[in-house]
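Hi,

Here's the structure I promised to pass on. Have a look at it first, then read on for what turned up in it.

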Amino acid sequence: MNLLVQSAKVIDPASPHNGKICDILIEGGKITEIKKSIPAGGIKKVISANNLHVSPGWFDMQVNFCDPGNEHKESLATGIQAAIRGGFTGVAVVPGTNPALHSKSQIEYIISKSSGQIVDVYPIGAISYKLEGKDLAEMYDMKISGAVAFSDDIHPVMNAGLMHRALLYSRSFNGLVMSRCNDKSLSTGSDVNEGKSSVSIGVKGEPRIAEEIMLIRDLFLAQYTEARLHVNSISVAGSIALVKSARKQGVNITVSVNGYNIFLDDSEVLGFDTNYKVSPPLRSKDDIKAIKKALAEGVIDVICSDHRPEDEESKKVEFDLASPGMIGIQTLYPLVNMHSELTSEQIIEKIAINPRKILGLTVPSVNEGQEANLTLFSPTEEWVFEEKHIASISKNSPFIGKKLKGKVVGIVNKDMFSSSM
């Protein structure tokens with residue numbers, strides 16, 4: 001494939017062209033030339049757009065494509081299409097499927113079924129068998145088969161001994177354990193933040209300390225075992241302070257936040273819209289302020305969509321009976337662009353560069369001689385997100401009908417181009 005990208009501003013801190021407006025020639029899947037102007041003669045595909053930007057291909061570190069077992073909500077095929085429309089050239093799929101990704105056969109299934117696609121799909125293996133938190137899963141076998149990390153998804157590992165063994169075992173083969181911090185002996189399972197909003201709707205709220213207490217435990221375990229730990233879905237200000245303190249003590253920890261926790265607060269649940277029921281729950285305005293500051297300071301490394309498709313039977317029910325989660329991979333960039341208060345370069349670090357670094361994957365770069373793994377986008381284009389834009393089988397998004405700012409033009413990967421328009 002020969003492709004010419006015209007007049008695109010490069011956003012890539014590792015590129016000598018960072019911040020410059022350039023033409024980029026791609027031939028046979030590689031970036032062969034980057035100049036101020038490249039003649040388009042003889043080139044079959046030319047990409048241009050208003051205020052076009054180009055960056056290393058984006059990577060979503062936390063998505064649930066529901067395959068195998070829940071293909072009525074999402075499949076690998078439809079999840080990949082959603083990723084394309086959202087501007088992502090790579091994703092890591094969580095093990096919360098049916099069956100769970102708890103053995104090498106499930107890992108090999110994901111890799112085989114998604115091979116040859118423009119989007120790179122990497123499986124995250126389960127920490128425990130069936131995500132039950134009782135016995136360790138086949139972690140080493142899954143690592144050899146292609147698992148990039150280990151997590152029990154939204155299920156916290158309540159057994160401290162099991163988490164200790166997982167961290168110690170993973171260290172022996174340089175694996176990465178991901179923790180979802182939520183002490184179930186303290187949390188209520190309501191997926192609503194403890195505060196004025198929970199009182200107003202008559203729900204027993206989720207206390208912040210449920211996250212903080214388990215985080216303290218896991219930080220101590222990571223320090224004791226000298227293992228790598230990634231904390232998913234951080235959501236409260238107290239957790240950020242704990243992460244800062246642990247890093248000063250040399251704990252090898254990285255952190256991600258779900259996109260919706262950057263700007264949506266718990267007052268959204270007052271309307272009983274189940275699309276705002278998520279896990280972790282939407283928190284307070286003070287928590288959001290702390291999260292934004294932590295993102296700007298680099299305390300939080302990664303922003304994830306936490307893309308969780310749910311069918312109508314799981315969402316169009318009473319609020320307390322609804323399953324938590326929203327689809328988010330297609331709206332992550334514009335929402336972060338609008339609400340995070342980060343620069344374009346900082347956003348690209350959080351959604352393209354840092355996720356791959358943490359998972360030990362090759363980080364693409366906008367530079368001559370490099371494999372072309374790119375996202376093309378316009379940060380200033382305004383558009384209305386409509387249901388017809390949704391590639392996912394499930395439509396559980398609270399942003400349908402909302403005006404967004406920042407639109408993906410397309411992605412380039414594996415000698416392929418796909419338009420996201």
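Before anything else, one cut-off: a residue counts as buried when its relative accessible area is under 20%. Keep in mind, too, that this is a predicted model.

Is Asn182 buried or exposed? Its relative accessibility is 15%, so Asn182 counts as buried. You'll find Asn182 in the loop between β9 and α5 (196-200). What does Asn182 touch, once neighbours within four places in sequence are left aside? Its contacts are Pro156, Met158, Ser187, Glu206, Ala210, Glu211 and Met214.

Now for the helices around α6. Helix α6 spans residues 208-225, helix α7 spans residues 237-248, and the two pack at an angle of about 15° with their axes 9 Å apart. That angle is why α6 is described as roughly parallel to α7. Their crossing is right-handed. On the α6 side, the contact is made by Glu211, Glu212, Leu215, Ile216 and Leu219, and α7 brings Gly238, Ser239, Leu242, Val243 and Ala246. Sorted by class, the contact of α6 with α7 has six nonpolar, two polar and two charged residues.

Which residues meet here, in α4 and in α6? From α4 come Ala160, Met163, His164, Leu167, Leu168 and Arg171, and they meet Arg217, Asp218, Leu221, Ala222, Tyr224 and Thr225 of α6. By class, the contact of α4 with α6 divides into seven nonpolar, two polar and three charged residues.

Zoom in on β9 and you'll see four bridges to strand β10 (residues 229-232), in the parallel sense. Arg180, for example, has Asn232 in β10 as its bridge partner.

There's also an open sheet of three strands, ordered β6-β7-β8, again with parallel pairing. Here β6 and β8 are the edge strands. Neighbouring strands of this sheet are turned by 20° against each other on average, direction ignored. Four bridges join β6 to β7, and Trp58 stands opposite Phe88 in β7. Helix α2 lies across β7 and β8, running at about 175° to β8.

- Strand β2 (residues 21-27) runs antiparallel to β1, joined by six bridges; Lys9 has Ile21 as its bridge partner in β2.
- Strand β4 (residues 45-47) pairs with β1 in the parallel sense over three bridges, with Val5 opposite Ile47.
- Strand β5 (residues 53-56) runs parallel to β1, joined by two bridges, and Val10 stands opposite Val54.

In helix α1 (residues 76-86), eight of the 11 residues are buried: Leu76, Thr78, Gly79, Ile80, Ala82, Ala83, Ile84 and Gly86. What covers them includes β6 (58-63), β7 (88-93), α2 (104-114), β8 (120-123), β14 (403-413) and β15 (416-419). Just after α1, Gly87 takes a positive phi of about 95°.

How many of the eight residues of helix α10 (residues 332-339) are buried? Six are, namely Leu332, Tyr333, Pro334, Leu335, Val336 and Asn337. Their cover includes β6, β7, β12, α11 (344-359), β13 (374-384) and β14. Just after α10, Glu341 takes a positive phi of about 65°.

Happy browsing!

How values were computed
Residues are numbered from 1 along each chain as its sequence is written. This is a predicted model: local features need pLDDT of at least 70, side-chain atom pairs count only at pLDDT 80 or more; totals for chains, interfaces and linings use all residues. Side-chain values use heavy atoms; hydrogens and water are left out. Axes are lines fitted to C-alpha atoms, for helices over the stretch in contact, and angles run from 0 to 180 degrees between N-to-C directions. Angles under 35 degrees count as roughly parallel, over 145 as roughly antiparallel, 65 to 115 as roughly perpendicular and the rest as oblique. A crossing is left-handed if the near helix is turned anticlockwise from the far one by less than a right angle, and right-handed if clockwise. Contact means heavy atoms within 4.5 Å. Ala, Val, Leu, Ile, Met, Phe, Trp, Tyr, Cys and Pro count as nonpolar, Asp, Glu, Lys and Arg as charged, and the others, Gly among them, as polar. Two strands pair if DSSP finds at least two bridges between them. Buried means under 20% relative accessible area, exposed over 50%, partly exposed in between (1.4 Å probe, protein chains only).
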